[in-house]
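Please keep the sequence and the coordinates open while reading.

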Amino acid sequence: MSDSDTLDHESEREETESFDTEPHPNLYRHGRRYSLTHLEQHPWPIDEIEKDRLEEQHVLLRELFDDRLYLAPIESPRSVLDIRTGTGCWAMECAERYPSSTVRGIDLVNMQDEWVPPNCEFWVDNLCQPGWHTQYTNIDLVHINQIQGDRQLLSLLLEGSYSCCAPGGWVEIRDMRVQLDNPGEDSPFHNYIREMATAQARDGRQMDLPLHFGAELTRHGFTNITERNYDIPLCTKGRDKLKERIIQNWTTGLEGYSFTLLEKHLGKNFTETVLMCASARRALKGKIEGYLQIQVVYGQKPS
Ligand SMILES: C[S@@+](CC[C@H](N)C(=O)[O-])C[C@H]1O[C@@H](n2cnc3c(N)ncnc32)[C@H](O)[C@@H]1O
């Protein structure tokens, strides 16, 4: 933290009775708001800009998935957990679609909406703590979107999901990663991806973690594993409106995604990161061969 950073010790809004009522201090850096308490675990902004981006992303991906909220073959789950729920938009929509279900969204940070459907609730919980799952039982569907390269967390989440799933219950995990045709190429976009891979690795994260989801589900005892990949060309301009918007949504998040990790692990200052992200985005307007790969993997707890 530097002298230019500012702290906010005021309590976050307390939206529902199920929320943690402790104050959640914020850290403001370069106009973005972070959770000070959880900066190590979540070095990304939790402000309105990021919430809007995540909500738009939810709408775009739902369209990509033909209006499905999940791909696992379960028609009307009675009990659902949305792990790392973020804004909670997926959990709220799931509750609206299945009014006889109970949907719980869990997150480190209280950043969900004030008004929620009556069958939806949000819990503040740290999923890095072993045993986080003990209060949830008989779950039909555990939904996990975006694990941000944290293999240890993935293991904890799958261990917990297995334990809280009902026999025959499903876990579905979804994430995205960049797949470049020629990773060694020398464009500003390739350079940005290489720098981020290094920073992530130094932070104990791996950018290709989604490639291991299937194997990890198997290792944790799940069966009937199914993997679906959606490849969105990085250069989609003019070809497919939905895919173009998915790429745009992703690229508007580059700065927020990069600031903390590039500074912490590669010593980049704010201006350097802004310039690097802008150049990466500009390069995408040219010809970058590769994909933003969206991976969806689901598996079932044996009956
Ligand atoms: C990319 S965001 C939200 C993604 C959300 N599932 C969506 O689809 O919009 C990841 C979320 O994980 C939460 N998170 C990070 N570490 C966590 C932890 N140890 N326990 C619980 N939530 C955590 C963050 O607070 C953040 O809201």
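## Model and confidence

This is a predicted model, in which local features need pLDDT of at least 70, side-chain atom pairs count only at pLDDT 80 or more, and totals for chains, interfaces and linings use all residues. Residue numbers start from 1 along each chain as its sequence is written.

The pLDDT is the predictor's confidence in each residue, from 0 to 100. Its mean over the protein chain is 91, and 92% of the residues reach 70 or more. Over residues 8–22 the pLDDT is below 50, and this stretch has 25 contacts in the model beyond near neighbours in sequence. A contact joins two residues whose C-beta atoms, placed from the backbone, lie within 7 Å. Where pLDDT is low, the predicted coordinates should not be read in detail.

## Overall fold

The protein chain contains eight helices and 10 strands. These are DSSP runs numbered from the N terminus, with helices of type H or I and at least four residues, and strands of type E and at least two. Along the principal axes, the C-alpha trace of the protein chain spans about 50 × 45 × 35 Å.

What radius of gyration does the protein chain have? The value is 19 Å, which agrees with the value near 19 Å for a compact globule of 303 residues. The radius is taken over C-alpha atoms, and the globule rule is 2.2 Å times the number of residues to the power 0.38.

Of the 303 residues, 38% count as buried. A residue is buried if 20 or more other C-beta atoms lie within 10 Å of its own, exposed if 12 or fewer, and partly exposed in between, with C-beta atoms placed from the backbone. Among contacts in the protein chain with a separation of 6 or more, 68% come from residues 24 or more positions apart.

## Ligand shell

There are 17 residues around the ligand, and Arg84, Gly86, Leu108, Leu127 and Asn145 come nearest. Here a residue is near a molecule or strand if its C-beta atom, placed from the backbone, lies within 6 Å of it.

The shell has six nonpolar, nine polar and two charged residues. Ala, Val, Leu, Ile, Met, Phe, Trp, Tyr, Cys and Pro count as nonpolar, Asp, Glu, Lys and Arg as charged, and the others, Gly among them, as polar.

## Nonpolar cores

A nonpolar core is a set of buried Ala, Val, Leu, Ile, Met, Phe, Trp, Tyr and Cys residues joined through C-beta atoms within 7 Å. The largest one has 61 residues, and Cys94, Ile139, Val142, Val171 and Leu292 have the most contacts inside it. Leaving aside neighbours within four places in sequence, Leu292 is in contact with Met176, Val178, Ile232, Leu234, Ile246, Ile247 and Trp250. Another core, of six residues, lies apart from the largest one and includes Leu27, Tyr34, Leu108 and Val109.

Gln57 sits in helix H1 and is buried because 22 C-beta neighbours fall inside 10 Å. Its C-alpha atom is separated by 26 Å from that of Ile139, 82 residues apart along the chain.

Leu261 belongs to helix H7 (residues 254–266). With 21 C-beta neighbours inside 10 Å, Leu261 also counts as buried. Not counting residues up to four places away in sequence, Leu261 touches Pro43, Ala199, Gln200 and Asp203. Between Leu261 and Leu292, 31 residues apart along the chain, the C-alpha separation is 21 Å.

## Loop residues

Is His133 buried or exposed? His133 is buried, since 24 C-beta neighbours lie inside 10 Å. Its place is in the loop between strand S6 (120–124) and strand S7 (139–145), and beyond four places in sequence His133 is in contact with Gly160, Ser163 and Cys164. His133 and Gly160 are 27 residues apart in sequence and 5.1 Å apart in space, C-alpha to C-alpha.

Pro25, in the loop between strand S1 (6–8) and strand S2 (26–29), is partly exposed, with 16 C-beta neighbours inside 10 Å. From Pro25 to Thr37 the C-alpha distance is 6.5 Å, and the two are 12 residues apart in sequence.

Asp66 is not a glycine, yet its phi is positive, near 55 degrees. Asp66 lies in the loop between helix H1 (48–64) and strand S4 (79–83), and is exposed, with 7 other C-beta atoms within 10 Å. Gln148, likewise not a glycine, has a positive phi of about 55 degrees. The loop that holds Gln148 runs between S7 and helix H3 (151–164), and Gln148 is partly exposed, with 18 C-beta neighbours inside 10 Å.
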